[in-house]
Amino acid sequence: MRTTARKHTGTLTEQAYKEMEELIVTLQLSPGEVLSEASLTELLGIGRTPIREALQRLALEGLVVILPRRGIFVSEVNVRSQLELLRVRREVERLMVRLAAGRATALEHEQFIEIADAMVKTSYSNDDVEFMRLDQEFNSLISSTCRNDYARKTMGLLQGLARRFWYQHYKEALDLPLCASLHANLARAIGRGDGDGAAEASDKLIDYIEQFARATV
């Protein structure tokens with residue numbers, strides 16, 4: 001019975017986390033907004049214990065700020081913080097793509113090539129929604145094929161903040177054809193099993209993302 005209860009709570013915590021993370025990343029819960037366990041319980045229809053556990057995870061990722069005796073707030077979007085995040089992301093992502101190129105199976109290499117081709121199509125059609133879907137699929141594939149839990153967990157701490165910043169500013173500052181092309185080049189390098197090429201392509205992508213971040217100021 002105890003094992004079942006823990007599993008059930010864990011499932012609800014994951015559900016609460018995913019739903020709140022999406023609300024924050026897509027700015028439905030806006031930066032600076034005050035949150036409460038009671039209001040989130042009512043909004044999501046999930047009990048307070050999973051909500052509380054999910055909030056702790058979101059706080060660890062920097063998406064919410066928990067201040068004792070003052071409350072819970074959605075964290076602010078900050079260009080300076082985003083640039084510092086990119087310093088870390090550059091190093092971790094370079095490692096991950098190099099590992100993915102060498103450790104992915106033949107089938108997984110084919111999946112990278114397929115994603116690259118699909119991303120190029122979005123650059124022709126200027127389909128930002130499809131690009132966002134492919135980018136998430138691409139990131140998940142890198143995380144799984146690098147076969148390194150430490151790198152995967154580190155990147156997981158960064159992705160929510162990075163996605164929220166992108167979501168807030170992409171319509172005003174993003175060059176979608178260029179961004180899609182840089183992603184596709186990286187995906188193809190991994191798909192070829194070219195670790196050095198993937199590392200170089202990753203650096204070029206982060207260079208562009210840094211330019212994008214600075215252009216929002």
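**View 1. Gly193, the residue after helix α8.** Helix α8 is followed by Gly193, whose phi is positive, near 80°. Helices (H or I, at least four residues) and strands (E, at least two) are DSSP runs, numbered from the N terminus. This is a predicted model: local features need pLDDT of at least 70, side-chain atom pairs count only at pLDDT 80 or more, and totals for chains, interfaces and linings use all residues. Residues are numbered from 1 along each chain as its sequence is written, and side-chain values use heavy atoms, with hydrogens and water left out.

**View 2. Helix α8 and its cover.** Helix α8 runs over residues 176-191, 16 residues in total. At 1.5 Å a residue it should span 22 Å, and its end C-alpha atoms are 22 Å apart, which agrees. The expected span is 1.5 Å times one less than the number of residues. Buried residues in α8 include Leu176, Cys179, Leu182, Leu186 and Ile190. Buried means under 20% relative accessible area, exposed over 50%, and partly exposed in between (1.4 Å probe, protein chains only). The cover over the buried residues of α8 includes α4 (79-103), α5 (106-125), α6 (128-145) and α9 (195-215).

**View 3. Gln82 in helix α4.** Gln82 is found in α4. Is Gln82 buried or exposed? At 6% relative accessibility, Gln82 counts as buried. Leaving aside neighbours within four places in sequence, Gln82 is in contact with Leu161, Ala162, Phe165 and Ala213. Contact means heavy atoms within 4.5 Å.

**View 4. Aromatic pairs.** The count comes to five aromatic pairs. Rings of Phe, Tyr and Trp (its six-membered ring) pair if their centres lie within 6.5 Å; planes under 30 degrees apart count as stacked, over 60 as edge-to-face and the rest as tilted. Phe112 and Phe138 form an edge-to-face pair, 6.0 Å centre to centre with 85° between the planes. Phe112 lies in α5 and Phe138 in α6, so the pair ties together parts that are 26 residues apart in sequence. Both Phe112 and Phe138 are buried. Trp166 and Tyr170 have ring centres 4.5 Å apart and planes at 5°, so this pair is stacked.

View 5. Trp166 and Tyr170 both lie in α7 (residues 149-173), four residues apart, about one turn of the helix. Trp166 is buried, with a relative accessible area of 17%. Tyr170 is buried too, at 8%. Phe131, Trp166, Tyr167 and Tyr170 form one aromatic cluster.

**View 6. The open sheet.** Three strands stand in the order β1-β3-β2, with antiparallel pairing. β1 (34-35) and β2 (64-67) stand at the edges with a single partner strand each, so one side of each has no neighbour in the sheet. Two strands pair if DSSP finds at least two bridges between them. β2 and β3 (residues 71-74) pair over four bridges. Val65 has Phe73 as its bridge partner in β3, and Leu67 stands opposite Gly71. β1 and β3 pair over two bridges, with Leu35 opposite Ile72. In β3, Ile72 and Val74 make the covered face, and Gly71 and Phe73 the uncovered one. β2 and β3 form a hairpin with three residues between them. Arg69 in the turn has a positive phi of about 65°.
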